[in-house]
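We will go from stop to stop, with a short note on what to pick and what to look for.

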Amino acid sequence: MEKFLAMIEANLNIDLVSIIISNPRQAEEIQKIKIRPVLMQKSPKQGAFVKEEQLYFQIESFTKKQAFHKNLEKEEVMEKLPVYLQKYKQVQMLTKTETIHGLISKKGKVTIKKKKIGGKQKTLSHNRKKQYILQEGKPVGFLIDLGVMTKDGKIVRTKYDKFRQINRFLEFIEDVLPELPKDREVTIIDFGCGKSYLTFAMYHYLKVLKNYDIRIIGLDLKEDVIAYCNKLRTKYDYDKLDFYVGNIENFSGVDNVDMVVTLHACDIATDFALHKAVTWNAGVILSVPCCQHELNWQIHNETLAPILDYGLLKERMAALATDGLRAKLLEMEGYKTQILEFIDMEHTPKNILIRAVKRENPVLVQTDNYKECVRMLGVEPTLEKLLWKGASEREKR
């Protein structure tokens with residue numbers, strides 16, 4: 001073990017790409033730990049005109065549903081490593097010249113395997129330019145028409161937040177590609193599509209860049225917006241992208257759906273979209289809720305009254321409770337569900353995304369904790385009422 005720790009310490013420098021510690025020996029909340037170097041600016045000393053950069057190591061810890069990170073100096077990392085290595089069975093260290101695998105036995109013996117590789121040195125700046133899926137400088141027709149890009153591919157100054165949002169959404173699409181079949185047409189529904197920045201981006205990414213056989217339907221209540229979207233669809237010959245005027249609750253244009261997307265559907269419109277997705281047995285659900293007012297009017301609890309007396313805090317607590325209960329209900333319907341950050345809060349306050357993937361072998365999720373939670377909060381969510389109509393089956397659990 002000491003030899004292995006010394007090997008890691010020798011590689012904690014700017015040539016390190018990453019260290020991944022995984023495969024917990026026992027049931028651990030943290031499933032995986034990733035360490036990578038970052039260069040961050042130090043505050044300038046008095047009288048200095050240039051900020052200095054210092055090497056830190058970002059430690060990112062992954063649970064089943066969340067990721068946490070912190071930046072430490074080399075000495076602090078070395079203090080934590082012995083504790084990590086006692087709890088996990090496997091370490092993979094990647095530098096720009098070699099890959100090092102370490103398998104750790106119960107007695108702490110480490111079996112080491114090395115493999116030489118080629119590669120370029122990574123840029124370590126913490127604020128380095130992000131490599132987006134849709135890149136600045138490469139003109140994309142629909143982004144030009146929607147006012148995000150200029151004709152030469154530059155991002156319009158006031159549209160950078162929208163550009164980041166589009167690319168962040170495509171990263172989530174990229175994550176769920178293994179869940180989408182490639183041997184047949186994939187049907188995707190986008191409820192509340194609006195001006196359809198993300199709908200067009202999704203079609204361009206899946207059809208043009210990834211060559212998936214897809215059919216995408218965008219649905220919104222605004223007739224002028226839908227007319228404009230269909231005009232753009234015709235202009236770019238996106239023959240399997242269609243837009244219709246209609247609401248989420250009553251839509252019945254398809255029988256089978258592979259993925260349901262609902263972005264910023266207001267208040268309980270999100271619940272109707274999620275209910276539709278479950279009814280269709282959709283393999284993937286991506287939902288960014290908006291304006292969660294329903295529970296704000298319902299929530300009451302004498303113990304929490306000192307907090308709920310403040311309107312702003314009550315509103316935020318109700319919004320978080322709304323999305324948490326939605327996620328848990330989807331788990332009960334056989335989905336592996338995560339709540340993720342959609343885009344940084346500095347770019348938009350609507351930054352929570354619910355991602356649900358249908359399990360091949362659903363696990364039984366007990367409803368007792370959920371029921372106790374809604375009783376404690378004094379609420380009855382719309383999605384629960386939609387899913388549990390004639391709730392005899394639920395009551396049997």
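How many aromatic pairs does the structure hold? In this predicted model, the count of aromatic pairs is 10.

**Stop 1: two ring pairs**

Start by selecting Tyr236 and Tyr238. Their ring centres are 6.0 Å apart and the planes meet at 40°, so this pair is tilted. Colour the two by accessibility if you like: Tyr236 is partly exposed at 23%, whereas Tyr238 is buried at 10%.

Next, pick Phe251 and Trp280. Here the ring centres lie 6.5 Å apart with the planes at 80°, so the pair is edge-to-face. Phe251 belongs to the loop between strand E10 (241-245) and strand E11 (259-266), and Trp280 to the loop between helix H7 (269-279) and strand E12 (284-290), so the pair ties together parts that are 29 residues apart in sequence. Are these two residues buried or exposed? Phe251 is buried, at 10% relative accessibility, and Trp280 is buried too, at 12%.

**Stop 2: a cluster of rings**

Now widen the selection to Phe142, Phe200, Tyr203, Tyr236, Tyr238 and Phe243, which ring pairs link into a cluster.

**Stop 3: charges over rings**

Which residue lies over the face of Phe62? Select Lys32, found 4.9 Å from the ring centre. Then move to Tyr212, where the charged end of Lys182 sits over the ring at 4.5 Å from its centre.

**Stop 4**

Switch to a cartoon view and highlight strand E9 (residues 214-220), where 6 of the 7 residues are buried.

Ile217 has Asp242 as its bridge partner in E10. With helix H6 (residues 223-235) included, E9 and E10 form a right-handed β-α-β unit.

**Stop 5: Thr187**

Finish by zooming in on Thr187, in strand E8 (residues 186-191). Its relative accessible area is 7%, which is under the 20% cut-off, so Thr187 counts as buried. What is Thr187 in contact with, leaving aside neighbours within four places in sequence? Show Arg215, Asn256, Val257, Asp258 and Met259 to see these contacts.

Technical notes:
Residues are numbered from 1 along each chain as its sequence is written. This is a predicted model: local features need pLDDT of at least 70, side-chain atom pairs count only at pLDDT 80 or more; totals for chains, interfaces and linings use all residues. Side-chain values use heavy atoms; hydrogens and water are left out. Helices (H or I, at least four residues) and strands (E, at least two) are DSSP runs, numbered from the N terminus. Buried means under 20% relative accessible area, exposed over 50%, partly exposed in between (1.4 Å probe, protein chains only). Contact means heavy atoms within 4.5 Å. Rings of Phe, Tyr and Trp (its six-membered ring) pair if their centres lie within 6.5 Å; planes under 30 degrees apart count as stacked, over 60 as edge-to-face and the rest as tilted. A charge sits over a ring if NZ of Lys or CZ of Arg is within 6 Å of the ring centre and within 35 degrees of the ring normal. Two strands pair if DSSP finds at least two bridges between them. A crossover is right-handed if, with the strands pointing away from the viewer, the path from the first strand over the helix to the second runs clockwise.
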